[in-house]
Structure formats: C-alpha cells, structure tokens
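Let's sit down with this one and learn to read it, one feature at a time. Here it is.

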Amino acid sequence: MNSGRLGLAPLLQENPLWISWHDSNWIPVLNPGNVMDYFSEKSNPFYDRTCNNEIVRMQRQSLELLNNMTGVEYIPLHVQDPILYVIRKQHRHSPTEATPMADYYIIAGTVYQAPDLASVFNSRILSTVHHLQTAFDEASSYSRYHPSKGYSWDFSSNKASTHAMAEQVAEKTKTQTKKEAPVKEEPSSIFQRQRVDMLLGDLLRKFPLPLPQMTNNPTGGNPSDAGNASNNHGGAAGDSDHVGSDATLIKQEPTEGGTGRGGNSDVPPEKKMKL
C-alpha cells in the first residue's frame with residue numbers, strides 16, 4: 001500500500017525532535033525494572049522493532065545477551081527514580097565496542113529524543129541570524145536619504161507606530177474584558193458574617209451616628225398655628241403702619257399750655273385775659 005496517497009509520508013518524515021510519546025497505563029507503575037518494557041511498546045515511535053532487544057524479548061532471554069550480539073540495541077544509560085530515565089540507542093560492533101546513535105529521556109512517563117550537538121548548534125545559529133536580520137530590518141526602516149543632506153535617521157514614525165500599537169492593545173484588552181463572563185460570587189460563610197457584624201458594632205461604638213436636631217416650641221402649639229399667628233401679627237403691624245402714615249397727614253391744632261390744655265405759652269396776646 002502506498003503510504004503517500006494516505007497522507008502518511010509527512011508523518012514518517014517528521015523530525016523526531018518535535019514529537020513525544022507516553023502511555024497513561026504505564027506511568028503509575030513505572031520503575032527501573034520495567035522501564036525497558038515500557039520503552040519497547042509497539043506504539044512507541046522511537047523504538048526500532050528490528051533491534052536486538054526485540055529478538056531477545058521474543059526469545060524471553062535476559063538483556064545481558066545483548067553484549068554477545070552485533071547490531072542496533074537499546075540500553076538503560078541513567079536512572080533517577082522515579083522521575084528521570086535515560087535510554088541510549090547504539091550500534092554494537094563487539095562485546096567491548098559500541099557506537100552511540102541517539103539518546104532518549106523519559107520525564108514523568110513522557111518519552112523525548114535528546115537533540116544531538118549539530119541540532120543544538122543549528123537551532124542557536126538560526127535563532128541568532130533571525131534576531132540579527134530583524135534588527136537590521138528595523139534599523140533600515142528609520143534611515144532617510146535626501147539629495148542635498150544625504151543619509152539621516154528619523155525616529156518620529158517609531159513613536160507614532162508605538163502609540164498606535166498601544167491603542168490597539170488597549171482596545172483589544174477592553175474587548176476581551178467585555179467578552180469575559182462575569183465571575184460568580186461565592187456565598188459568605190457564617191464566620192465571615194459574624195466577623196463583619198462584630199467589626200460594624202465596634203465602628204458604631206467608636207463613631208456613633210449624630211442625632212437629628214429637634215426645634216423646641218415653647219407654646220406647645222401646632223407649628224402651622226404659630227405660622228398663622230405670625231402671619232396675622234405681620235398683617236396687623238402692616239395695618240397699624242398704614243394708619244400711622246394717614247395720621248401724619250392730618251394737621252393738628254396746637255393746644256394751650258404746650259403739653260396741656262391750661263398752658264398759655266402758645267396763646268396769642270390779644271386773646272389773653274386781662275386782669
């Protein structure tokens with residue numbers, strides 16, 4: 001069967017450094033005694049079924065027999081129970097000579113392939129080149145050229161773009177905040193309610209509420225009656241003022257004696273009685 005037609009070719013050519021494998025049924029019981037059996041599972045993509053370990057496993061022999069065989073084999077290289085196990089894939093040429101091919105490490109039951117030195121250097125160099133290229137591109141975007149002035153730097157566009165980017169981030173944050181569902185408040189416990197009541201009581205004792213001011217009415221009457229009486233008094237006062245003003249317009253004859261009728265100080269001389 002052609003695996004390319006089924007779309008399996010990209011999976012077979014996938015970089016093993018990008019994948020991982022684990023079996024949830026083995027993780028609780030994983031230990032140094034069965035870690036090789038765990039790694040030899042058929043679903044493990046890192047396990048080569050043509051290795052010498054598979055032959056020894058089918059014959060139900062001990063792994064010590066691998067030293068007398070030639071070919072690809074897997075051996076436990078390092079054990080740090082219960083979290084870390086390192087397994088090496090190597091090609092054995094003789095009982096005393098073997099060439100390492102790859103290392104695999106198992107962390108918390110998940111199998112990964114350890115990167116080789118060339119892959120590490122390649123990744124670091126590519127990352128460095130990418131950042132350098134980004135820096136050069138950004139620096140070249142600020143350069144300006146004028147026929148009379150030559151080359152110069154203009155960073156004003158950087159401020160404008162930074163401000164626009166900040167506004168976009170703020171709008172996006174507001175939109176996400178609006179879309180978020182409101183958090184359901186948890187009911188308070190009995191201890192919290194009692195504690196709040198006690199604190200409120202202490203505050204009321206330290207800072208009592210001011211009492212409302214009452215207006216004292218000495219007559220004991222209705223405030224409306226007092227208002228009417230004041231209005232009547234005001235009206236009477238107005239009438240008396242009006243009468244007084246009219247009285248001032250009436251001409252009064254001077255009386256005899258100034259202050260009384262018997263006074264002679266203001267009587268004309270011809271009208272005085274002759275003695």
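Q: Which residue in β4 is the bridge partner of Arg 88?

A: First, some ground rules: this is a predicted model, where local features need pLDDT of at least 70, side-chain atom pairs count only at pLDDT 80 or more, and totals for chains, interfaces and linings use all residues. Residues are numbered from 1 along each chain as its sequence is written, and side-chain values use heavy atoms, with hydrogens and water left out. Strands are DSSP runs of E, at least two residues, numbered from the N terminus, and two strands pair if DSSP finds at least two bridges between them. Here, the partner of Arg 88 in β4 is Asp 103. Ten bridges join β3 to β4 (residues 97-107), and the two run antiparallel.

Q: What is the order of the strands in the open sheet?

A: The five strands go β1-β5-β4-β3-β2, with antiparallel pairing. At the edges sit β1 (21-22) and β2 (71-80), each pairing on one side only.

Q: Is Arg 92 buried or exposed?

A: Buried means under 20% relative accessible area, exposed over 50%, and partly exposed in between (1.4 Å probe, protein chains only). Arg 92 has 8%, so Arg 92 is buried. You'll find Arg 92 in strand β3 (residues 84-94).

Q: With which side chain does the side chain of Arg 92 make a polar contact?

A: A polar contact is a pair of N or O atoms within 3.5 Å; within protein, one must be able to donate a hydrogen and the other to accept it, and residues adjacent in sequence count only if both atoms are side-chain atoms. For Arg 92, the partner is the side chain of Glu 73, at 2.7 Å.

How values were computed
Helices (H or I, at least four residues) and strands (E, at least two) are DSSP runs, numbered from the N terminus.
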